[in-house]
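Good morning, everyone, and thank you for making time for this.

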Amino acid sequence: MRRILVIGASHAKKLGTALKQFENQRDFKVEIYAQPGARFANIPFPDLNNCTEQDVAIFMCLGNDIFEKNSHQVECKNRNKTIHLSKNKPSSENHLLNICSALQKRIANCRAKVVILDNFYKHLRCCKSHMESNRGIFGLQRKYNVIIRKFFASQCTVIEHTTLLFDTYADRRNERKYRELQVDAVHFSPCQYLKIAARLLPRLFSPPSIYTEVKRIATEIK
Ligand SMILES: [Zn+2]
């Protein structure tokens with residue numbers, strides 16, 4: 001049976017759980033390799049050597065490196081959880097490029113179809129007291145996603161995650177609409193992960209693009 005491997009941190013765990021709910025409708029098995037809160041160095045990467053061309057490996061593992069270590073703070077009040085960005089210290093573009101290179105090495109020999117989701121946005125106005133100090137982090141995270149998408153564009157399928165949430169270009173750039181889908185300033189409600197899963201699935205199993213086909217034939221000729 002064809003496998004869908006979901007690799008990353010908390011969003012990967014939640015999206016993998018949502019994808020599992022579609023297992024009976026289609027012929028695939030979901031495997032989750034996720035560690036909530038993990039930065040790239042601590043992602044529990046599976047052995048990719050035994051993947052086949054039928055399988056899909058979804059990577060969503062760069063999101064917790066966008067800010068420096070220990071810059072967030074979890075607050076629980078009356079059953080409501082908020083994950084604050086208490087120190088607005090973005091990681092450098094260099095760090096981002098380094099982990100992109102590390103991921104590139106990992107996927108280089110993976111026979112599964114490799115899909116990379118760009119980073120889900122977080123800490124968008126976690127609260128009033130951080131509003132001033134966290135100004136600009138939506139723009140920063142969008143900029144870092146452009147870097148990620150450009151980095152991997154020629155190598156694998158890169159999906160702009162906002163296309164799985166919104167239909168129009170204007171909505172995809174709308175910070176307020178994005179925030180409204182989140183429950184703790186980082187994660188979405190379970191029904192949003194179901195929506196993401198439902199919209200992602202057709203893109204995982206679409207026929208290979210002409211470009212991929214040409215690349216495959218080129219490798220066979222060699
Ligand atoms: Zn806050």
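Before I describe the sheet, one definition is needed: two strands are said to pair if DSSP finds at least two bridges between them. Please also keep in mind throughout that what you see is a predicted model.

With that in hand, the sheet is an open one, formed by five strands that follow the order E2-E1-E3-E6-E7, and the pairing is parallel. At the edges are strand E2, residues 28-34, and strand E7, residues 157-159, each of which pairs on one side only. Going from one strand to the next, the twist averages 20 degrees.

Let me now go through some of the pairings. Strand E1, which covers residues 2-8, runs parallel to E3 and is joined to it by five bridges; there, glycine 8 has methionine 60 of E3 as its bridge partner. E3 in turn pairs with E6 in the parallel sense, over four bridges, and in this case phenylalanine 59 has isoleucine 116 of E6 as its bridge partner. Isoleucine 116 also stands opposite valine 158 in E7, and strand E6, residues 113-117, is joined to E7 by three bridges, again with the two running parallel.

How buried is strand E3, residues 56-60? Five of its five residues are buried, so the strand is largely enclosed by the rest of the structure. Both of its faces are covered, with Val56, Ile58 and Met60 buried on one side and Ala57 and Phe59 buried on the other.

Turning to the helices, H1, residues 10-20, packs with H6 at an angle of about 65 degrees, and their axes are 8 Å apart. Since angles from 65 to 115 degrees count as roughly perpendicular, that makes H1 roughly perpendicular to H6. The crossing is right-handed, and the contact is made by Lys14, Leu15, Ala18 and Leu19 from H1 together with Tyr193, Leu194, Ile196 and Ala197 from H6. By class, this contact has seven nonpolar residues, one charged residue and no polar ones.

Finally, where does glutamine 182 sit? Its place is in the loop between helix H5, residues 175-180, and helix H6, residues 190-204. Leaving aside residues up to four places away in sequence, glutamine 182 touches His187 and Phe188. Glutamine 182 and leucine 124 are 58 residues apart in sequence, while their C-alpha atoms are 9.5 Å apart in space.

Methods: Residues numbered from 1 in each chain as written. Predicted model: local features only at pLDDT ≥ 70, side-chain atom pairs only at ≥ 80, totals over all residues. Contact = placed C-beta atoms within 7 Å. Axes fitted to C-alpha atoms, helices over the stretch in contact; angles between N-to-C directions. Parallel < 35°, antiparallel > 145°, perpendicular 65-115°, else oblique. Left-handed = near helix turned anticlockwise from the far one by under 90°. Nonpolar A, V, L, I, M, F, W, Y, C, P; charged D, E, K, R; others polar. Buried ≥ 20, exposed ≤ 12 C-beta atoms within 10 Å, placed from the backbone.
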